[in-house]
Amino acid sequence: MNVYSAAITLIFVMDPLGNIPIFLTILNKIEAKKRKAITLRENIIAFIILLIFLFFGKYILAGLSLSAPALGIAGGIILFLIAIKMIFPEDKHNTYAGDKGEPFIVPLAIPLIAGPSAMALVMLLANQEPTHMWSLTLALFISFLVCSVILVFADALRKVLGERGLIASERLMGMILTTMAVQMFLTGIENFFSLHKF
């Protein structure tokens, strides 16, 4: 997986467009300038957390004795489930609607940006491409920049795209991610059978 495809996959999994309404709901009572600063701070925290999982996730996998094909198949299934939720979104607003005050790390950085799926994905990418860690770091940085820009300017984007535009964009991203998830699953199956020839 090259830098471009890795960055696109990470952006889809982080789902910044789908997170716009939730971010705006949580930060609704905070003034605009401070809202942007908080959003940028939470994105930086999420980036650092994903960077840790990118470089040290392999030790977690080694400790659990997980094989590369198993991780690839599991990653494909996880991405597929994420894609289905993007195409048929659930109402996440109520989940975080009760949060009051200025959020710190939870729920913006974790789990909205650096959720379990994003953490699993960076570990999967690091396991598949152990000799291209700097390329993966660049891909993660690109996805961080894209997500930061989208979420920092969430107010303007919602005005331009509207609620229907945001939903349509998220569903389109979900359809693309579905294809990528199936490919990842098939690659994992292929690797499994190439390692276990009957």
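Residues are numbered from 1 along each chain as its sequence is written. Because the model is predicted, local features need pLDDT of at least 70 and side-chain atom pairs count only at pLDDT 80 or more, while totals for chains, interfaces and linings use all residues, and side-chain values use heavy atoms, with hydrogens and water left out.

Helices (DSSP runs of H or I, at least four residues) are numbered from the N terminus. Helix H1 covers residues 3–14. The expected span of a helix is 1.5 Å times one less than its number of residues. For the 12 residues of H1 this gives 16 Å, which agrees with end C-alpha atoms that are 16 Å apart. At the start of H1, a side-chain oxygen of Asn2 comes within 3.2 Å of the backbone nitrogen of Tyr4. This is a polar contact, meaning a pair of N or O atoms within 3.5 Å; within protein, one must be able to donate a hydrogen and the other to accept it, and residues adjacent in sequence count only if both atoms are side-chain atoms.

Just after H1, Asp15 takes a positive phi of about 50 degrees, although Asp15 is not a glycine. Asp15 lies in the loop between H1 and H2 and counts as buried because its relative accessibility is 6%. A positive phi, near 70 degrees, is also found at Ile105, in the loop between H5 and H6. Ile105 has 27% relative accessibility and therefore counts as partly exposed. Most residues other than glycine have a negative phi, and most peptide bonds are trans. The peptide bond from Val106 to Pro107 is cis, with omega near 5 degrees, and Pro107 is in the loop between helix H5 (93–96) and helix H6 (108–113). The bond from Ile110 to Pro111 is also cis, with omega near 10 degrees; Pro111 is in H6.

Among the buried residues of H7 are Ser117, Met119, Leu121 and Leu125.

The structure holds 3 cavities of 30 Å³ or more. On a 1 Å grid over the protein atoms alone, a cavity is a set of points where a 1.4 Å probe fits but cannot get out, and lining residues have an atom within 4 Å of a point. Grid points are joined across faces, edges and corners, and a volume is the space filled by probe spheres set on the points. The largest cavity has a volume of about 70 Å³. Helices H2 (16–26), H3 (32–63), H8 (133–152) and H9 (154–195) each give two or more residues to its lining. H3 gives the most, with 4 residues.

Ser148 is in helix H8 and is buried, because its relative accessible area is 5%. A polar atom of the Ser148 side chain lies 2.7 Å from the backbone oxygen of Phe144. Not counting residues up to four places away in sequence, Ser148 touches Leu40 and Asn43, where contact means heavy atoms within 4.5 Å.

Methods:
Buried < 20%, exposed > 50% of the residue type's maximum accessible area, 1.4 Å probe, protein only. 1 Å grid on protein atoms, 1.4 Å probe; cavity = no way out; pocket = protein on both sides within 12 Å on 5 of 7 lines; lining within 4 Å.
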